[in-house]
Amino acid sequence: MRTEPSATSAAGTARAVCSPGATPAPHAVNPADPVALPARRHLPVQPAGTPVLDVTIPVYNEEQDLERCVRRLHEHLARTFPYGFRITVADNASTDSTPLISAGLEREIPEVRAFRLEEKGRGRALRAVWSASDAPVLAYMDVDLSTDLNALLPLVAPLISGHSDLAIGSRLARSSRVVRGAKREFISRTYNLILRGSLAARFSDAQCGFKAIRRDVAQRLLPMVEDTGWFFDTEMLVLAERAGLRIHEVPVDWVDDPASTVHIVSTARDDLKGVWRVGRALAVGALPLDRLARPFGDDPRDRQLSGVPGGLARQLVGFCVVGALSTLFYLLLYSLSRTAMGPQLANASALLVSAVANTSANRRLTFGVRGRDRAVRHQAQGLAVFAIGLALTSGSLAALDAASPDAAHSTEVAVLLAANLAATILRFLLFRAWVFPDRATSPDDPKGDAR
């Protein structure tokens, strides 16, 4: 069974053996924090008994399943997990004997901790426990243990090795084996389709109660997550993915719990509200996702390369994608307006509109500049770059007209494509060195990939 969803409100007072700090406010930014996350590293060897993994089990009125779940999970970890671990029972204001059972397990099993909150909400519980934990890898799973525990080590291994930032279990992967009713299957797949269509999410399963995160990432990411209920981990994944963090997916074997107390209708309603809220925040650039960025080339071998500007490869990829899309947009505008305006005027107007769109897209996607600061200046500089491109393409058209006045439309398009290729190369160099010069820093400069 699972904890009940709750309305979003201020974090509840938590009482635990490991006392938590104050729950950070959503979207809070600590000025003392570095701008971007440091490079990932393999976790160092910990002294014997030091927990590397902290597995949280959020519960609400789970007196029937709690002890069986904790003992089974503890036995599995003690037998298979090669590092120190801790199991934290996060009690969401239970009114039955759940607090007594968790306290008894804490007294009996050294690796078990009890954590009590006076307000409900799975997201609230995870935020409180993860914010207070000293383990470098944080995970959670549902108390019903629907997910086969053999997937736990593959889930956290990429986080321990430094390969990934977050990890999720997926019931929708090709090699997953899932036993559940048609109704829940339909709801799960529909929800993930909504996430893909509205928030451009690429992860396959947002709702599986089997996830893990590195603590250094959680410290930056959790203050940005507003939801305190069921949408909490979906919001966390969407923000992490938009920030460019690496999310590892593990196919799982999963058996539905027929006794689950999840209220499907109210949970679906709250999730859709969360999708709208997050989508709106992403659209207006209200989230400081640059604080979650990893430096380009965070493999130590990349930083030993000399003479390669920081972020060059990533910027080239982004610039090429934006350039390809803006070129198609330009050709479409040119083709639609050529008959009415003539080739020269059609070329100028199409190039002007596409140049404004190109500068905006490169500003945000290629060079990572967010907000309105210097936006007008960047557009003015982009228009200067556009003027160079206009001279190049218009000169090409003039040369073609002088050489072959009756040239076919396909020939005009081919000449324009060649001229645009040359203009594109020059545009990238000017964008990098003149329009957005702050991005062109060396790989050793920690500020080179953050704005």
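I am working from a predicted model, in which local features need pLDDT of at least 70, side-chain atom pairs count only at pLDDT 80 or more, and totals for chains, interfaces and linings use all residues. Residues are numbered from 1 along each chain as its sequence is written, and side-chain values use heavy atoms, with hydrogens and water left out.

**Entry 1: salt bridges**

I looked up how aspartate 91 and arginine 116 meet: their side chains form a salt bridge at 2.5 Å, N to O. I count a salt bridge when a side-chain nitrogen of Lys or Arg is within 4 Å of a carboxyl oxygen of Asp or Glu. The pair links distant parts of the chain, with aspartate 91 in strand 3 (residues 84-92) and arginine 116 in strand 4 (residues 112-117), 25 residues apart. Helices (H or I, at least four residues) and strands (E, at least two) are DSSP runs, numbered from the N terminus.

I then searched the whole structure and got 20 salt bridges. One joins the side chains of aspartate 165 and arginine 40 at 2.7 Å, N to O. This pair also links distant parts of the chain: aspartate 165 sits in the loop between helix 4 (152-161) and strand 6 (166-170), arginine 40 in the loop between strand 1 (14-16) and strand 2 (51-59), and they are 125 residues apart. Both aspartate 165 and arginine 40 are buried.

In another, the closest N and O atoms of arginine 177 and aspartate 253 are 2.9 Å apart. Arginine 177 is in strand 7 (residues 177-179) and aspartate 253 in strand 10 (residues 253-255), so this bridge ties together parts 76 residues apart in sequence. Arginine 177 counts as exposed because its relative accessibility is 59%; aspartate 253, at 24%, counts as partly exposed. I also found a network of salt bridges linking Asp54, Arg86 and Asp134.

**Entry 2: cysteines**

I checked for disulfides, taken as pairs of cysteine sulfur atoms within 2.5 Å, and the count was 0. Cysteine 69 has a relative accessible area of 0% and is therefore buried. Cysteine 208 is likewise buried at 0%.

**Entry 3: helix 1**

Which residues of helix 1 are buried? I listed Leu66, Cys69, Val70, Leu73, His74, His76 and Leu77. Seen down the helix axis, they fall within an arc of 165°, so they line one face of helix 1; the arc is that of the directions from the axis to the C-beta atoms. The face turned away from this buried side carries the exposed residues Ala78 and Arg79. The buried residues pack against strand 2, strand 3, helix 2 (98-108), strand 4, strand 5 (137-141) and helix 4, a contact being heavy atoms within 4.5 Å.

**Entry 4: annotated spans**

I looked up the UniProt record, an unreviewed entry, which places the feature "transmembrane region" at residues 311-333, 382-400 and 412-430. Such annotations may be inferred rather than shown by experiment. In the model, residues 382-400 are 100% helix and 0% strand, with end C-alpha atoms 27 Å apart. Residues 412-430 are also 100% helix and 0% strand, and their end C-alpha atoms lie 26 Å apart.

Methods: Buried means under 20% relative accessible area, exposed over 50%, partly exposed in between (1.4 Å probe, protein chains only).
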